[in-house]
Amino acid sequence: MNQTDSALKYIKTAYDINPEHPETKSIYSKILKKKGFTQEAIAVAGTTGSNNISDLANTARLAGNITEAMQLVEDALKTNPNDAMANY
């Protein structure tokens with residue numbers, strides 16, 4: 001088990017205990033994205049607001065996944081049309 005797998009295990013436990021904790025949701029969504037579970041990451045991030053989805057979009061863009069980044073920006077704008085990061 002690598003560090004990301006280990007982190008996913010522990011953050012999922014924390015998320016299951018308190019799924020409304022903003023920091024937990026943010027970290028959980030980022031680890032899900034890193035592991036390739038994009039839709040699950042959006043579902044978790046979407047409950048924290050569009051800024052977290054914008055963060056995921058930026059991560060995808062930096063990784064060269066432009067199509068995925070554009071979809072995430074669209075999802076962020078659906079959540080909050082005034083999201084500055086998504087509009088940038």
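Is Tyr 28 buried or exposed? Select Tyr 28: the residue is buried, with a relative accessible area of 9%. Here buried means under 20% relative accessible area, exposed means over 50%, and partly exposed lies in between, with a 1.4 Å probe and protein chains only.

Before going on, note that this is a predicted model, in which local features need pLDDT of at least 70 and side-chain atom pairs count only at pLDDT 80 or more, while totals for chains, interfaces and linings use all residues. Residues are numbered from 1 along each chain as its sequence is written, and side-chain values use heavy atoms, with hydrogens and water left out.

**The whole chain**

Show the chain as a cartoon. The secondary structure comes to six helices and zero strands, in the order α-α-α-α-α-α along the sequence. The radius of gyration is 13 Å, close to the 12 Å that the globule rule gives for 88 residues, so the chain is as compact as a globular protein of that length. That radius is taken over C-alpha atoms, and the rule is 2.2 Å times the number of residues to the power 0.38. Helices (H or I, at least four residues) and strands (E, at least two) are DSSP runs, numbered from the N terminus.

Switch to the C-alpha trace, which spans about 35 × 25 × 15 Å along its principal axes. Of the 88 residues in the chain, 34% are buried. With a contact meaning heavy atoms within 4.5 Å, residues 24 or more positions apart account for 40% of the contacts with a separation of 6 or more.

**The tyrosine pair**

By the pairing rule, which takes rings of Phe, Tyr and Trp (its six-membered ring) with centres within 6.5 Å, the count comes to one aromatic pair. Tyr 15 and Tyr 28 form this pair, at 4.7 Å centre to centre and with 40° between the planes, which is tilted. Planes under 30 degrees apart would count as stacked and over 60 as edge-to-face, the rest being tilted. Tyr 15 lies in helix H1 (residues 3-17) and Tyr 28 in helix H2 (residues 22-34), so the pair ties together parts that are 13 residues apart in sequence. Tyr 15 also counts as buried, at 18% relative accessibility.

**Thr 4**

Stay in helix H1 and select Thr 4. Thr 4 is buried at 18% relative accessibility. Not counting residues up to four places away in sequence, Thr 4 touches Ile 31, Lys 34 and Lys 35.

**Lys 33**

Next, select Lys 33 in helix H2. Which class does Lys 33 fall into, buried or exposed? Lys 33 is buried, with a relative accessible area of 11%. Beyond four places in sequence, the residues that Lys 33 touches include Asn 65, Glu 68 and Leu 72. Draw a C-alpha to C-alpha distance from Lys 33 to Ile 53: the two are 20 residues apart in sequence and 10 Å apart in space.

**Helix H5**

Now move to Leu 72 in helix H5. Leu 72 is buried at 2% relative accessibility. Leaving aside neighbours within four places in sequence, Leu 72 is in contact with Lys 33, Thr 38, Ile 42, Ile 53, Leu 56, Ala 57 and Ala 60.

End with Lys 78, in helix H5 (residues 66-79). Lys 78 is exposed, with a relative accessible area of 65%. Lys 78 and Arg 61 are 17 residues apart in sequence and 19 Å apart in space, C-alpha to C-alpha.
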